[in-house]
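These are my notes on a structure that is new to me. I record what I looked up, entry by entry.

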Amino acid sequence: MNADRLLALYEKVAEAPDAVPRLYRFVLDLAVRGKLEPQDAGDEPASDLLQRIAAEKARLVKAGEIRKPRDLANGDELVPPFDIPATWRWCRLDTVGAIIGGGTPSAGDPDNFAEPGEGIPWLTPADLGGYRELSIERGARDLTEKGLASSSATMMPAETVLFTSRAPIGYVAIAANPISTNQGFKSIVPYVADCSRFIALAMQTFAPEIDAKAPGTTFKEVSGKIVAGVPFPLPPLAEQRRIVGKVEELMALLDRLEAARTARESTRDRLTAASLARLTAPDTDPTEFPVNARFALATLPALTTRPDQIKPLRQTILNLAVRGELVEQDPTDEPADVTLASISRNKETLIKAKKLKKSKAISNPISLREEVELPAGWAWASCDEIFFITKLAGFEYTKYFDLKDQGEVPVIRAQNVRPWLVEARNLKFIPEKVSSELERSAITKPSLLVTFIGAGIGDVALFEPDRRWHLAPNVAKAELFEGCENKLSMRYLVLFFNSPFGRAEVFKHVKVAAQPSLSMGTIRDIDVIIPPLAEQHRIVAKVDALMALCDRLEAALTTSDTTRARLLEALLHEALEPGAGDREAA
(Lines give C-alpha, C1' and ligand atoms only; values in the text may rest on other atoms or scores of the structure.)
Protein backbone atom coordinates (compact mmCIF):
# COMPACT_ATOMS: atom_id res chain seq x y z
CA MET A 1 0.00 0.00 0.00
CA ASN A 2 1.46 3.35 -1.08
CA ALA A 3 0.13 6.90 -0.95
CA ASP A 4 -1.09 6.84 -4.57
CA ARG A 5 -3.07 3.63 -3.98
CA LEU A 6 -4.56 5.01 -0.77
CA LEU A 7 -5.54 8.23 -2.56
CA ALA A 8 -7.21 6.22 -5.32
CA LEU A 9 -9.17 4.26 -2.72
CA TYR A 10 -10.08 7.44 -0.84
CA GLU A 11 -11.44 9.09 -4.01
CA LYS A 12 -13.91 6.21 -4.40
CA VAL A 13 -15.22 6.26 -0.83
CA ALA A 14 -14.46 9.76 0.52
CA GLU A 15 -18.11 10.60 1.16
CA ALA A 16 -18.97 7.25 2.75
CA PRO A 17 -20.02 7.46 6.42
CA ASP A 18 -16.95 7.06 8.65
CA ALA A 19 -14.72 6.68 5.56
CA VAL A 20 -11.57 8.11 7.11
CA PRO A 21 -11.85 6.25 10.46
CA ARG A 22 -12.41 3.05 8.49
CA LEU A 23 -9.36 3.80 6.34
CA TYR A 24 -7.28 4.41 9.46
CA ARG A 25 -8.23 0.93 10.64
CA PHE A 26 -7.61 -0.43 7.15
CA VAL A 27 -4.03 0.85 7.16
CA LEU A 28 -3.47 -0.72 10.59
CA ASP A 29 -4.97 -4.02 9.43
CA LEU A 30 -2.64 -4.10 6.43
CA ALA A 31 0.29 -3.29 8.70
CA VAL A 32 -0.22 -6.21 11.10
CA ARG A 33 -0.90 -8.65 8.22
CA GLY A 34 2.35 -7.86 6.43
CA LYS A 35 0.59 -6.28 3.44
CA LEU A 36 1.75 -2.71 3.88
CA GLU A 37 5.42 -3.11 3.01
CA PRO A 38 7.14 -5.75 0.84
CA GLN A 39 9.29 -8.30 2.62
CA ASP A 40 13.08 -8.13 2.22
CA ALA A 41 14.95 -11.45 2.02
CA GLY A 42 17.96 -9.76 3.63
CA ASP A 43 16.10 -9.00 6.87
CA GLU A 44 16.90 -10.97 10.00
CA PRO A 45 13.92 -13.40 10.25
CA ALA A 46 11.46 -13.13 13.11
CA SER A 47 12.56 -16.55 14.38
CA ASP A 48 16.00 -15.07 15.13
CA LEU A 49 14.38 -12.01 16.71
CA LEU A 50 12.39 -14.30 19.02
CA GLN A 51 15.64 -15.86 20.21
CA ARG A 52 17.06 -12.38 20.92
CA ILE A 53 13.88 -11.43 22.79
CA ALA A 54 14.08 -14.58 24.94
CA ALA A 55 17.74 -13.94 25.71
CA GLU A 56 17.08 -10.30 26.65
CA LYS A 57 14.16 -11.34 28.87
CA ALA A 58 16.41 -13.81 30.71
CA ARG A 59 19.13 -11.17 31.08
CA LEU A 60 16.69 -8.58 32.54
CA VAL A 61 15.31 -11.09 35.03
CA LYS A 62 18.78 -12.27 36.08
CA ALA A 63 19.98 -8.67 36.49
CA GLY A 64 16.95 -7.89 38.65
CA GLU A 65 15.80 -5.15 36.27
CA ILE A 66 12.39 -6.83 35.98
CA ARG A 67 10.60 -9.43 38.05
CA LYS A 68 10.18 -12.82 36.47
CA PRO A 69 6.79 -12.60 34.73
CA ARG A 70 4.09 -15.02 35.78
CA ASP A 71 3.25 -17.75 33.29
CA LEU A 72 -0.27 -16.88 32.14
CA ALA A 73 -0.47 -19.37 29.28
CA ASN A 74 -2.21 -22.16 31.22
CA GLY A 75 -1.42 -24.50 28.34
CA ASP A 76 -3.68 -22.60 25.93
CA GLU A 77 -2.86 -23.25 22.29
CA LEU A 78 -2.20 -20.18 20.17
CA VAL A 79 -4.61 -20.03 17.21
CA PRO A 80 -3.42 -17.67 14.44
CA PRO A 81 -6.35 -15.45 13.37
CA PHE A 82 -5.00 -14.75 9.87
CA ASP A 83 -2.10 -15.57 7.54
CA ILE A 84 1.21 -13.69 7.81
CA PRO A 85 4.37 -13.64 5.63
CA ALA A 86 6.79 -16.55 5.84
CA THR A 87 9.46 -14.40 7.52
CA TRP A 88 7.10 -13.49 10.38
CA ARG A 89 6.19 -15.56 13.44
CA TRP A 90 3.10 -15.87 15.58
CA CYS A 91 3.60 -15.67 19.35
CA ARG A 92 1.72 -14.64 22.45
CA LEU A 93 1.92 -10.95 23.35
CA ASP A 94 3.63 -11.78 26.64
CA THR A 95 6.43 -13.38 24.62
CA VAL A 96 7.58 -9.96 23.37
CA GLY A 97 6.98 -7.98 26.56
CA ALA A 98 6.05 -8.16 30.23
CA ILE A 99 2.39 -7.37 31.00
CA ILE A 100 2.32 -4.87 33.89
CA GLY A 101 -0.67 -3.57 35.83
CA GLY A 102 -0.86 -0.44 37.97
CA GLY A 103 -2.26 0.94 41.17
CA THR A 104 -3.64 3.95 43.02
CA PRO A 105 -2.57 5.08 46.49
CA SER A 106 -5.13 6.29 49.01
CA ALA A 107 -6.84 9.42 47.70
CA GLY A 108 -7.48 10.47 51.30
CA ASP A 109 -3.80 11.15 51.90
CA PRO A 110 -2.68 14.25 49.96
CA ASP A 111 0.96 13.30 50.60
CA ASN A 112 0.54 10.49 48.06
CA PHE A 113 0.19 12.93 45.16
CA ALA A 114 2.20 15.76 43.61
CA GLU A 115 1.63 18.40 40.97
CA PRO A 116 2.63 17.45 37.38
CA GLY A 117 6.38 17.78 36.98
CA GLU A 118 7.06 17.66 40.69
CA GLY A 119 6.87 13.91 41.32
CA ILE A 120 6.72 10.54 39.60
CA PRO A 121 4.74 10.55 36.31
CA TRP A 122 1.48 8.65 36.78
CA LEU A 123 -1.35 8.04 34.31
CA THR A 124 -5.05 7.20 34.47
CA PRO A 125 -7.16 6.30 31.42
CA ALA A 126 -8.68 9.79 31.59
CA ASP A 127 -5.26 11.23 30.71
CA LEU A 128 -5.44 9.49 27.33
CA GLY A 129 -9.02 10.53 26.56
CA GLY A 130 -8.81 12.88 23.58
CA TYR A 131 -5.00 12.65 23.58
CA ARG A 132 -3.84 12.56 19.93
CA GLU A 133 -0.10 12.09 20.24
CA LEU A 134 1.51 8.65 20.48
CA SER A 135 4.17 9.51 23.09
CA ILE A 136 3.21 10.82 26.51
CA GLU A 137 5.32 12.12 29.41
CA ARG A 138 2.88 12.40 32.32
CA GLY A 139 -0.75 12.84 33.32
CA ALA A 140 -2.79 15.36 35.30
CA ARG A 141 -1.21 14.25 38.61
CA ASP A 142 2.12 12.82 39.71
CA LEU A 143 2.77 10.42 42.56
CA THR A 144 5.15 11.08 45.40
CA GLU A 145 7.67 8.42 46.44
CA LYS A 146 5.34 7.65 49.33
CA GLY A 147 2.38 7.26 46.96
CA LEU A 148 4.29 4.91 44.68
CA ALA A 149 5.51 2.80 47.62
CA SER A 150 2.05 2.55 49.21
CA SER A 151 0.32 1.30 46.08
CA SER A 152 0.72 -1.44 43.49
CA ALA A 153 1.76 1.12 40.88
CA THR A 154 5.02 0.10 39.16
CA MET A 155 7.69 2.25 37.58
CA MET A 156 8.04 1.23 33.94
CA PRO A 157 10.80 2.31 31.55
CA ALA A 158 10.57 4.63 28.57
CA GLU A 159 9.17 2.89 25.45
CA THR A 160 6.60 1.02 27.53
CA VAL A 161 3.40 0.53 25.52
CA LEU A 162 0.55 1.83 27.66
CA PHE A 163 -2.80 0.09 27.07
CA THR A 164 -5.97 0.98 28.98
CA SER A 165 -7.80 -2.09 30.25
CA ARG A 166 -10.94 -0.37 31.54
CA ALA A 167 -12.89 2.88 31.42
CA PRO A 168 -12.45 2.55 28.46
CA ILE A 169 -10.57 -0.36 26.97
CA GLY A 170 -8.22 0.39 24.10
CA TYR A 171 -6.40 3.71 24.53
CA VAL A 172 -2.77 3.27 23.43
CA ALA A 173 0.31 5.43 24.01
CA ILE A 174 4.08 5.01 24.45
CA ALA A 175 5.91 6.25 27.54
CA ALA A 176 8.37 9.00 26.62
CA ASN A 177 10.11 8.53 30.00
CA PRO A 178 9.88 6.26 33.06
CA ILE A 179 6.24 6.25 34.13
CA SER A 180 3.61 4.54 36.31
CA THR A 181 -0.12 4.03 35.90
CA ASN A 182 -3.22 3.30 37.91
CA GLN A 183 -4.99 -0.06 37.79
CA GLY A 184 -6.82 0.89 34.58
CA PHE A 185 -3.86 -0.25 32.46
CA LYS A 186 -2.33 -3.50 31.31
CA SER A 187 0.89 -2.12 29.86
CA ILE A 188 3.50 -3.95 27.79
CA VAL A 189 7.18 -3.47 28.63
CA PRO A 190 9.02 -4.73 25.50
CA TYR A 191 12.00 -6.99 26.14
CA VAL A 192 13.57 -5.39 23.06
CA ALA A 193 12.76 -1.69 23.27
CA ASP A 194 12.99 -1.22 19.48
CA CYS A 195 9.77 -3.27 19.14
CA SER A 196 7.65 -0.73 21.06
CA ARG A 197 6.37 1.21 18.02
CA PHE A 198 5.14 -1.91 16.25
CA ILE A 199 3.62 -3.30 19.47
CA ALA A 200 1.71 -0.03 19.93
CA LEU A 201 0.50 -0.18 16.33
CA ALA A 202 -0.67 -3.78 16.83
CA MET A 203 -2.47 -2.90 20.09
CA GLN A 204 -4.36 -0.11 18.30
CA THR A 205 -5.42 -2.67 15.71
CA PHE A 206 -6.44 -5.39 18.17
CA ALA A 207 -8.15 -3.09 20.71
CA PRO A 208 -11.73 -3.72 19.44
CA GLU A 209 -11.23 -7.51 19.61
CA ILE A 210 -9.71 -7.27 23.08
CA ASP A 211 -12.64 -5.11 24.20
CA ALA A 212 -15.08 -7.70 22.82
CA LYS A 213 -13.45 -10.39 24.98
CA ALA A 214 -13.70 -8.36 28.18
CA PRO A 215 -16.32 -9.60 30.67
CA GLY A 216 -18.95 -7.29 32.08
CA THR A 217 -21.77 -5.18 30.65
CA THR A 218 -22.06 -1.78 32.31
CA PHE A 219 -18.42 -1.91 33.46
CA LYS A 220 -15.99 -3.88 31.32
CA GLU A 221 -12.40 -4.69 32.28
CA VAL A 222 -9.88 -6.84 30.47
CA SER A 223 -7.58 -9.01 32.56
CA GLY A 224 -3.83 -9.38 32.29
CA LYS A 225 -4.37 -12.97 31.20
CA ILE A 226 -6.45 -11.89 28.21
CA VAL A 227 -3.92 -9.24 27.19
CA ALA A 228 -1.01 -11.63 27.65
CA GLY A 229 -2.66 -14.23 25.44
CA VAL A 230 -3.32 -11.91 22.48
CA PRO A 231 -1.93 -13.63 19.34
CA PHE A 232 0.86 -11.34 18.16
CA PRO A 233 2.27 -11.31 14.59
CA LEU A 234 5.99 -10.59 14.95
CA PRO A 235 7.80 -9.23 11.86
CA PRO A 236 11.58 -8.93 11.45
CA LEU A 237 12.83 -5.88 13.31
CA ALA A 238 13.93 -4.09 10.13
CA GLU A 239 10.47 -4.60 8.61
CA GLN A 240 8.86 -3.34 11.82
CA ARG A 241 10.71 -0.05 11.31
CA ARG A 242 9.59 0.18 7.66
CA ILE A 243 5.98 -0.62 8.60
CA VAL A 244 5.90 2.02 11.35
CA GLY A 245 7.35 4.60 8.96
CA LYS A 246 4.79 3.76 6.27
CA VAL A 247 1.91 3.86 8.75
CA GLU A 248 3.00 7.30 9.95
CA GLU A 249 3.18 8.50 6.32
CA LEU A 250 -0.27 7.17 5.40
CA MET A 251 -1.88 8.35 8.64
CA ALA A 252 -0.52 11.85 8.00
CA LEU A 253 -2.03 11.71 4.50
CA LEU A 254 -5.40 10.61 5.93
CA ASP A 255 -5.21 13.43 8.49
CA ARG A 256 -4.80 15.92 5.64
CA LEU A 257 -7.63 14.35 3.64
CA GLU A 258 -9.93 14.41 6.66
CA ALA A 259 -9.04 18.05 7.36
CA ALA A 260 -9.85 18.93 3.75
CA ARG A 261 -13.16 17.04 3.88
CA THR A 262 -14.07 18.72 7.17
CA ALA A 263 -13.27 22.12 5.65
CA ARG A 264 -15.51 21.37 2.66
CA GLU A 265 -18.35 20.29 4.92
CA SER A 266 -17.87 23.35 7.10
CA THR A 267 -18.05 25.62 4.06
CA ARG A 268 -21.23 23.90 2.86
CA ASP A 269 -22.75 24.19 6.33
CA ARG A 270 -21.87 27.90 6.55
CA LEU A 271 -23.35 28.58 3.12
CA THR A 272 -26.49 26.68 4.07
CA ALA A 273 -26.79 28.50 7.40
CA ALA A 274 -26.25 31.86 5.70
CA SER A 275 -28.96 31.07 3.15
CA LEU A 276 -31.38 30.06 5.88
CA ALA A 277 -30.49 33.08 8.02
CA ARG A 278 -31.40 35.44 5.19
CA LEU A 279 -34.87 33.93 5.21
CA THR A 280 -35.52 33.55 8.92
CA ALA A 281 -33.88 36.65 10.43
CA PRO A 282 -36.53 38.87 12.07
CA ASP A 283 -35.05 42.04 10.53
CA THR A 284 -35.06 40.73 6.95
CA ASP A 285 -35.97 43.45 4.46
CA PRO A 286 -39.33 42.40 2.98
CA THR A 287 -38.31 43.72 -0.45
CA GLU A 288 -35.28 41.40 -0.49
CA PHE A 289 -37.14 38.37 0.81
CA PRO A 290 -38.39 37.01 -2.57
CA VAL A 291 -34.87 37.14 -4.03
CA ASN A 292 -33.42 35.42 -0.96
CA ALA A 293 -36.14 32.77 -1.09
CA ARG A 294 -35.52 31.97 -4.76
CA PHE A 295 -31.78 31.79 -4.09
CA ALA A 296 -32.23 29.45 -1.13
CA LEU A 297 -34.60 27.06 -2.89
CA ALA A 298 -32.31 26.95 -5.92
CA THR A 299 -29.00 26.45 -4.09
CA LEU A 300 -29.81 24.44 -0.97
CA PRO A 301 -30.29 21.13 -2.83
CA ALA A 302 -26.84 21.56 -4.40
CA LEU A 303 -25.29 22.30 -1.01
CA THR A 304 -26.98 19.30 0.57
CA THR A 305 -24.72 16.24 0.62
CA ARG A 306 -25.89 14.42 3.78
CA PRO A 307 -29.33 13.12 4.76
CA ASP A 308 -29.20 15.06 8.04
CA GLN A 309 -29.04 18.33 6.07
CA ILE A 310 -32.54 17.80 4.67
CA LYS A 311 -34.30 18.83 7.89
CA PRO A 312 -33.17 22.50 7.69
CA LEU A 313 -34.33 22.56 4.07
CA ARG A 314 -37.78 21.30 5.13
CA GLN A 315 -37.93 23.88 7.91
CA THR A 316 -37.04 26.64 5.46
CA ILE A 317 -39.84 25.58 3.12
CA LEU A 318 -42.36 25.70 5.98
CA ASN A 319 -41.13 29.10 7.15
CA LEU A 320 -41.50 30.47 3.63
CA ALA A 321 -44.99 28.99 3.44
CA VAL A 322 -46.36 30.67 6.58
CA ARG A 323 -44.73 34.02 5.74
CA GLY A 324 -46.36 34.25 2.35
CA GLU A 325 -43.17 33.82 0.35
CA LEU A 326 -43.68 30.35 -1.13
CA VAL A 327 -46.40 31.15 -3.65
CA GLU A 328 -47.50 34.41 -5.21
CA GLN A 329 -50.48 36.31 -3.86
CA ASP A 330 -53.53 36.72 -6.09
CA PRO A 331 -55.35 40.07 -5.55
CA THR A 332 -58.60 38.44 -6.71
CA ASP A 333 -58.60 35.98 -3.76
CA GLU A 334 -61.17 36.68 -1.05
CA PRO A 335 -59.17 38.30 1.80
CA ALA A 336 -58.73 36.27 4.98
CA ASP A 337 -60.46 38.89 7.16
CA VAL A 338 -63.64 38.46 5.12
CA THR A 339 -63.48 34.70 5.73
CA LEU A 340 -62.79 35.22 9.43
CA ALA A 341 -65.74 37.59 9.73
CA SER A 342 -67.98 34.90 8.23
CA ILE A 343 -66.62 32.34 10.72
CA SER A 344 -67.26 34.76 13.58
CA ARG A 345 -70.90 35.17 12.54
CA ASN A 346 -71.26 31.42 12.32
CA LYS A 347 -69.79 31.03 15.81
CA GLU A 348 -72.21 33.58 17.28
CA THR A 349 -75.13 31.72 15.71
CA LEU A 350 -73.98 28.47 17.32
CA ILE A 351 -73.64 30.20 20.71
CA LYS A 352 -77.14 31.67 20.47
CA ALA A 353 -78.51 28.26 19.53
CA LYS A 354 -76.70 26.86 22.60
CA LYS A 355 -74.72 24.46 20.43
CA LEU A 356 -71.51 26.10 21.60
CA LYS A 357 -70.44 27.69 24.86
CA LYS A 358 -68.91 31.13 24.85
CA SER A 359 -65.25 30.79 25.82
CA LYS A 360 -63.70 32.78 28.64
CA ALA A 361 -61.67 35.90 27.86
CA ILE A 362 -57.90 35.52 27.94
CA SER A 363 -56.47 37.25 31.00
CA ASN A 364 -52.86 37.52 29.83
CA PRO A 365 -52.71 37.25 26.04
CA ILE A 366 -49.41 36.67 24.23
CA SER A 367 -49.31 38.16 20.75
CA LEU A 368 -46.84 39.01 18.00
CA ARG A 369 -49.44 40.67 15.81
CA GLU A 370 -47.71 44.03 16.00
CA GLU A 371 -44.26 42.57 15.30
CA VAL A 372 -44.88 40.51 12.16
CA GLU A 373 -45.86 42.11 8.85
CA LEU A 374 -48.30 39.99 6.86
CA PRO A 375 -48.84 39.96 3.08
CA ALA A 376 -51.87 41.75 1.66
CA GLY A 377 -55.03 39.75 2.13
CA TRP A 378 -53.64 37.76 5.10
CA ALA A 379 -54.86 38.09 8.69
CA TRP A 380 -54.28 36.98 12.26
CA ALA A 381 -56.71 34.81 14.21
CA SER A 382 -56.56 33.20 17.61
CA CYS A 383 -57.33 29.49 17.87
CA ASP A 384 -60.44 30.49 19.83
CA GLU A 385 -61.75 32.38 16.77
CA ILE A 386 -61.54 29.39 14.42
CA PHE A 387 -61.69 26.21 16.54
CA PHE A 388 -63.87 24.39 19.02
CA ILE A 389 -61.24 23.10 21.50
CA THR A 390 -61.91 20.49 24.14
CA LYS A 391 -60.45 17.53 26.01
CA LEU A 392 -61.52 14.52 28.08
CA ALA A 393 -61.55 15.24 31.81
CA GLY A 394 -62.60 13.57 35.04
CA PHE A 395 -62.89 10.04 33.66
CA GLU A 396 -60.70 7.02 34.40
CA TYR A 397 -60.91 5.28 31.04
CA THR A 398 -57.83 3.04 31.36
CA LYS A 399 -59.75 0.42 33.32
CA TYR A 400 -61.81 -0.21 30.19
CA PHE A 401 -58.79 -1.00 28.01
CA ASP A 402 -59.07 -4.50 26.64
CA LEU A 403 -57.93 -6.61 23.73
CA LYS A 404 -59.22 -5.48 20.37
CA ASP A 405 -62.58 -7.02 19.51
CA GLN A 406 -64.88 -6.15 16.63
CA GLY A 407 -66.91 -3.04 17.40
CA GLU A 408 -64.59 -1.58 20.04
CA VAL A 409 -63.49 2.08 19.84
CA PRO A 410 -59.76 2.95 19.53
CA VAL A 411 -58.23 5.58 21.84
CA ILE A 412 -55.57 8.07 20.72
CA ARG A 413 -52.99 8.66 23.43
CA ALA A 414 -50.09 11.14 23.52
CA GLN A 415 -47.69 8.47 22.24
CA ASN A 416 -49.78 8.26 19.06
CA VAL A 417 -49.66 12.00 18.36
CA ARG A 418 -46.63 13.05 16.36
CA PRO A 419 -45.95 16.25 14.40
CA TRP A 420 -48.22 16.21 11.31
CA LEU A 421 -49.86 12.79 11.69
CA VAL A 422 -51.26 10.28 14.19
CA GLU A 423 -49.34 7.02 14.42
CA ALA A 424 -51.86 4.22 14.85
CA ARG A 425 -49.48 1.92 16.72
CA ASN A 426 -49.99 0.19 20.08
CA LEU A 427 -53.57 1.38 20.19
CA LYS A 428 -55.83 0.76 23.17
CA PHE A 429 -59.60 0.22 22.89
CA ILE A 430 -62.67 0.92 24.98
CA PRO A 431 -66.15 -0.61 24.62
CA GLU A 432 -68.75 1.21 22.51
CA LYS A 433 -70.94 1.61 25.59
CA VAL A 434 -68.23 3.57 27.37
CA SER A 435 -67.53 5.57 24.23
CA SER A 436 -71.14 6.69 23.98
CA GLU A 437 -70.85 8.28 27.44
CA LEU A 438 -67.84 10.39 26.37
CA GLU A 439 -69.27 12.41 23.51
CA ARG A 440 -67.07 15.46 24.07
CA SER A 441 -63.86 13.52 23.53
CA ALA A 442 -65.08 11.50 20.56
CA ILE A 443 -63.44 12.22 17.21
CA THR A 444 -65.80 11.84 14.30
CA LYS A 445 -64.59 14.50 11.87
CA PRO A 446 -61.23 16.00 10.79
CA SER A 447 -59.49 17.53 13.81
CA LEU A 448 -56.15 18.86 14.93
CA LEU A 449 -54.91 16.89 17.93
CA VAL A 450 -52.59 18.54 20.46
CA THR A 451 -50.57 16.86 23.20
CA PHE A 452 -50.96 19.30 26.08
CA ILE A 453 -49.05 17.57 28.88
CA GLY A 454 -46.25 15.04 29.24
CA ALA A 455 -43.97 13.63 26.56
CA GLY A 456 -44.47 15.24 23.16
CA ILE A 457 -46.10 18.36 24.58
CA GLY A 458 -46.93 20.81 21.80
CA ASP A 459 -47.02 18.18 19.03
CA VAL A 460 -49.87 18.85 16.62
CA ALA A 461 -51.28 16.26 14.20
CA LEU A 462 -54.08 16.25 11.66
CA PHE A 463 -56.44 13.33 12.14
CA GLU A 464 -59.14 12.44 9.63
CA PRO A 465 -61.09 9.53 11.18
CA ASP A 466 -62.66 6.77 9.15
CA ARG A 467 -64.89 5.84 12.11
CA ARG A 468 -65.46 6.88 15.72
CA TRP A 469 -62.27 7.35 17.78
CA HIS A 470 -61.58 8.70 21.27
CA LEU A 471 -59.06 10.95 22.97
CA ALA A 472 -57.02 10.07 26.03
CA PRO A 473 -56.93 12.70 28.82
CA ASN A 474 -53.56 14.13 27.69
CA VAL A 475 -54.69 14.98 24.13
CA ALA A 476 -56.92 17.92 23.13
CA LYS A 477 -58.83 18.26 19.88
CA ALA A 478 -59.48 21.36 17.77
CA GLU A 479 -62.39 21.15 15.33
CA LEU A 480 -63.58 23.78 12.89
CA PHE A 481 -66.96 25.17 13.91
CA GLU A 482 -70.04 23.52 12.52
CA GLY A 483 -70.78 25.03 9.11
CA CYS A 484 -67.21 26.35 8.69
CA GLU A 485 -65.56 23.15 7.43
CA ASN A 486 -65.03 24.59 3.95
CA LYS A 487 -63.85 28.03 5.04
CA LEU A 488 -60.37 27.00 6.19
CA SER A 489 -57.92 24.30 5.08
CA MET A 490 -57.10 21.89 7.89
CA ARG A 491 -54.03 20.82 5.93
CA TYR A 492 -52.77 24.41 5.92
CA LEU A 493 -53.45 24.73 9.64
CA VAL A 494 -51.45 21.61 10.55
CA LEU A 495 -48.69 22.91 8.25
CA PHE A 496 -48.67 26.19 10.19
CA PHE A 497 -48.45 24.52 13.60
CA ASN A 498 -45.55 22.34 12.44
CA SER A 499 -43.57 25.17 10.89
CA PRO A 500 -40.75 26.60 13.04
CA PHE A 501 -42.81 29.78 13.47
CA GLY A 502 -45.93 27.89 14.49
CA ARG A 503 -44.13 25.58 16.93
CA ALA A 504 -42.49 28.64 18.50
CA GLU A 505 -45.94 30.19 18.92
CA VAL A 506 -47.22 27.05 20.64
CA PHE A 507 -44.27 26.77 23.01
CA LYS A 508 -44.57 30.41 24.07
CA HIS A 509 -47.80 29.35 25.76
CA VAL A 510 -46.42 26.29 27.56
CA LYS A 511 -46.59 26.66 31.33
CA VAL A 512 -43.24 25.60 32.78
CA ALA A 513 -43.63 23.69 36.03
CA ALA A 514 -42.71 20.27 37.40
CA GLN A 515 -44.48 18.93 34.31
CA PRO A 516 -44.82 21.46 31.44
CA SER A 517 -48.39 21.82 30.23
CA LEU A 518 -50.82 23.71 28.02
CA SER A 519 -54.30 24.55 29.30
CA MET A 520 -57.32 24.75 27.02
CA GLY A 521 -57.31 28.48 27.66
CA THR A 522 -53.70 28.94 26.54
CA ILE A 523 -54.32 26.78 23.44
CA ARG A 524 -57.27 29.03 22.54
CA ASP A 525 -54.96 32.05 22.91
CA ILE A 526 -52.39 30.83 20.34
CA ASP A 527 -52.30 33.06 17.28
CA VAL A 528 -52.46 31.67 13.76
CA ILE A 529 -51.55 33.38 10.48
CA ILE A 530 -54.41 32.92 8.00
CA PRO A 531 -53.95 33.46 4.24
CA PRO A 532 -56.90 33.66 1.82
CA LEU A 533 -58.49 30.22 1.42
CA ALA A 534 -57.46 29.88 -2.23
CA GLU A 535 -53.87 30.69 -1.26
CA GLN A 536 -54.01 28.16 1.59
CA HIS A 537 -54.70 25.47 -1.01
CA ARG A 538 -51.88 26.73 -3.26
CA ILE A 539 -49.47 26.75 -0.29
CA VAL A 540 -50.38 23.17 0.66
CA ALA A 541 -49.90 21.99 -2.94
CA LYS A 542 -46.53 23.73 -3.20
CA VAL A 543 -45.34 22.39 0.16
CA ASP A 544 -46.42 18.88 -0.85
CA ALA A 545 -44.40 19.16 -4.07
CA LEU A 546 -41.30 20.52 -2.30
CA MET A 547 -41.53 17.95 0.50
CA ALA A 548 -41.72 15.23 -2.15
CA LEU A 549 -38.55 16.71 -3.63
CA CYS A 550 -36.95 16.61 -0.18
CA ASP A 551 -38.06 12.98 0.20
CA ARG A 552 -36.42 12.07 -3.11
CA LEU A 553 -33.26 13.99 -2.24
CA GLU A 554 -33.08 12.37 1.21
CA ALA A 555 -33.66 8.92 -0.28
CA ALA A 556 -30.98 9.53 -2.91
CA LEU A 557 -28.48 10.67 -0.29
CA THR A 558 -29.31 7.72 1.95
CA THR A 559 -28.91 5.37 -1.00
CA SER A 560 -25.61 7.02 -1.90
CA ASP A 561 -24.40 6.63 1.68
CA THR A 562 -25.39 2.96 1.65
CA THR A 563 -23.72 2.41 -1.72
CA ARG A 564 -20.53 4.14 -0.61
CA ALA A 565 -20.50 2.16 2.63
CA ARG A 566 -20.92 -1.11 0.70
CA LEU A 567 -18.22 -0.09 -1.78
CA LEU A 568 -15.87 0.74 1.09
CA GLU A 569 -16.62 -2.61 2.73
CA ALA A 570 -16.04 -4.47 -0.54
CA LEU A 571 -12.77 -2.67 -1.28
CA LEU A 572 -11.45 -3.26 2.22
CA HIS A 573 -12.49 -6.91 2.11
CA GLU A 574 -10.77 -7.34 -1.26
CA ALA A 575 -7.59 -5.70 0.00
CA LEU A 576 -7.50 -8.00 3.04
CA GLU A 577 -8.04 -11.23 1.10
CA PRO A 578 -5.25 -13.81 1.41
CA GLY A 579 -2.64 -13.07 -1.26
CA ALA A 580 -3.74 -9.48 -1.87
CA GLY A 581 -0.51 -8.17 -0.41
CA ASP A 582 1.52 -10.47 -2.63
CA ARG A 583 -0.36 -9.33 -5.72
CA GLU A 584 0.20 -5.69 -4.81
CA ALA A 585 3.91 -6.22 -4.18
CA ALA A 586 4.22 -8.01 -7.51
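Predicted model: local features only at pLDDT ≥ 70, side-chain atom pairs only at ≥ 80, totals over all residues.

Entry on a helix pair. I looked up how helix H2 (residues 19–33) packs against helix H7 (residues 196–213), and I found an angle of about 120° with the axes 9 Å apart. I recorded the crossing of H2 and H7 as left-handed. On the H2 side, the contact includes Arg25, Leu28 and Asp29; on the H7 side, Phe198, Leu201 and Phe206 are among the residues involved.

Entry on the cores. Which residues have the most contacts inside the largest nonpolar core? They are Phe163 and Met203, in a core of 65 residues. I then listed the contacts of Met203 beyond its neighbours within four places in sequence: Leu93, Val161, Phe163, Val172, Ile188, Ile210 and Val227. Another core, of 60 residues, lies apart from that one, and Leu313, Trp380, Val543 and Leu553 are among its members.

Entry on a sheet. I traced an open sheet of 4 strands in the order E16-E14-E20-E17, and its pairing is mixed. E16 (428–430) and E17 (442–443) are at the edges with a single partner strand each, so one side of each has no neighbour in the sheet. E17 runs antiparallel to E20 (residues 469–471), and 2 bridges join them. Isoleucine 443 has tryptophan 469 of E20 as its bridge partner.

Conventions. Residues numbered from 1 in each chain as written. Heavy atoms only, no water. Pairing = 2+ DSSP bridges. Core = buried A, V, L, I, M, F, W, Y, C linked by side-chain atoms within 4.5 Å. Buried < 20%, exposed > 50% of the residue type's maximum accessible area, 1.4 Å probe, protein only. Contact = heavy atoms within 4.5 Å. Axes fitted to C-alpha atoms, helices over the stretch in contact; angles between N-to-C directions. Left-handed = near helix turned anticlockwise from the far one by under 90°.
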